[in-house]
Amino acid sequence: MLDTLIQSKTQLKLLLRFFLNPDSSAYLRGLAQEFDESTNSVRVELNRFEEAGLIAGHKEGNKKVYKVNTKFPMFGELQKIAFKHFGIDQIIEQVVKKLGDVNAVYLTGDLARGLDSSIVDVTIIGKNIDSTYLTQLVAKAEDLIGRKIRTLVYEPDDDFVIEEPKLLIFGE
C-alpha cells in the first residue's frame, strides 16, 4: 500500500530501512548495493531526507554514515507506518496478546536489518507458551499480512542468545 503513496521506490526502501530499525546506520554505497540501485538515486533521496530532518549524516573516516533522527517530530508515526507495512502490528495483535504470559517479542532477520523480506522472523520469550495455539495464531497472522512468519520460543530461564540484529517490538 505504501508503494502507491510513495512513488519513488528508493524513498520507500530508505524509509522502511531506517524506520524499522532506528539503531541501524548505513552509508551511501552500502545502501546502493543493498537496494540494487544507482548511488546517484540513493544519494538524491538521502539528501532529501537529511534536509527534511528525517535522517542525520556524519563522517566516519572517508564515509558519510546515515542514521534515522529519532527526535524527528513524526518519528513515532513513521515507525508505526513501517510496522504496518510489514504487518508487524498484526503479529503483535494476533499472536502476542493472545498467547498468555509473554515477556518480550523480538523481530530478527532481514526485517530487523530494515530490509524487505517475505519471511518475518520472530523470537518470543515467555512462560508456558502453547505451541499448538501459537501455530494457529501464526497461520491467521500470515493470512492477514501475506507473509510467512518463522518463530522461535524461549522460556525466560533458558540459556539463549537472540540473533543480531534484533528489534524489540513487545515487552521489555
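Let's start with glutamine 79. Leaving aside residues up to four places away in sequence, glutamine 79 touches Phe19, Leu20 and Pro22. Keep in mind that this is a predicted model. Where does glutamine 79 sit? It is found in helix α5, residues 75–86. Is glutamine 79 buried or exposed? Its relative accessibility is 16%, so it counts as buried; the cut-off for that is under 20%.

Next, a helix pair. Helix α2 covers residues 9–20, and helix α3 covers residues 28–35. Their axes come within 11 Å and cross at roughly 110 degrees. That angle makes α2 roughly perpendicular to α3. The crossing of α2 past α3 is right-handed. Which residues make the contact? From α2, we have Lys13, Leu14, Arg17 and Phe18. From α3, we have Leu31, Glu34 and Phe35. Sorted by class, this contact has 4 nonpolar residues, 3 charged and no polar ones.

Now the sheet. It is open, with 3 strands in the order β1-β3-β2. The pairing is antiparallel. Strands β1, 25–27, and β2, 55–60, are the edges, and each pairs on one side only. From one strand to the next, the twist averages 30 degrees.

Look at β1 with β3, residues 63–68. These two pair in the antiparallel sense over 3 bridges. Alanine 26 has tyrosine 66 of β3 as its bridge partner.

Back to α3. This helix also packs on the sheet, where it touches β1 and β3. Its direction makes about 95 degrees with that of β1.

Last, helix α4, residues 39–52. It lies across β2 and β3. Relative to β2, α4 runs at about 110 degrees.

Terms used. Residues are numbered from 1 along each chain as its sequence is written. This is a predicted model: local features need pLDDT of at least 70, side-chain atom pairs count only at pLDDT 80 or more; totals for chains, interfaces and linings use all residues. Side-chain values use heavy atoms; hydrogens and water are left out. Axes are lines fitted to C-alpha atoms, for helices over the stretch in contact, and angles run from 0 to 180 degrees between N-to-C directions. Helices (H or I, at least four residues) and strands (E, at least two) are DSSP runs, numbered from the N terminus. Angles under 35 degrees count as roughly parallel, over 145 as roughly antiparallel, 65 to 115 as roughly perpendicular and the rest as oblique. A crossing is left-handed if the near helix is turned anticlockwise from the far one by less than a right angle, and right-handed if clockwise. Contact means heavy atoms within 4.5 Å. Ala, Val, Leu, Ile, Met, Phe, Trp, Tyr, Cys and Pro count as nonpolar, Asp, Glu, Lys and Arg as charged, and the others, Gly among them, as polar. Buried means under 20% relative accessible area, exposed over 50%, partly exposed in between (1.4 Å probe, protein chains only). Two strands pair if DSSP finds at least two bridges between them.
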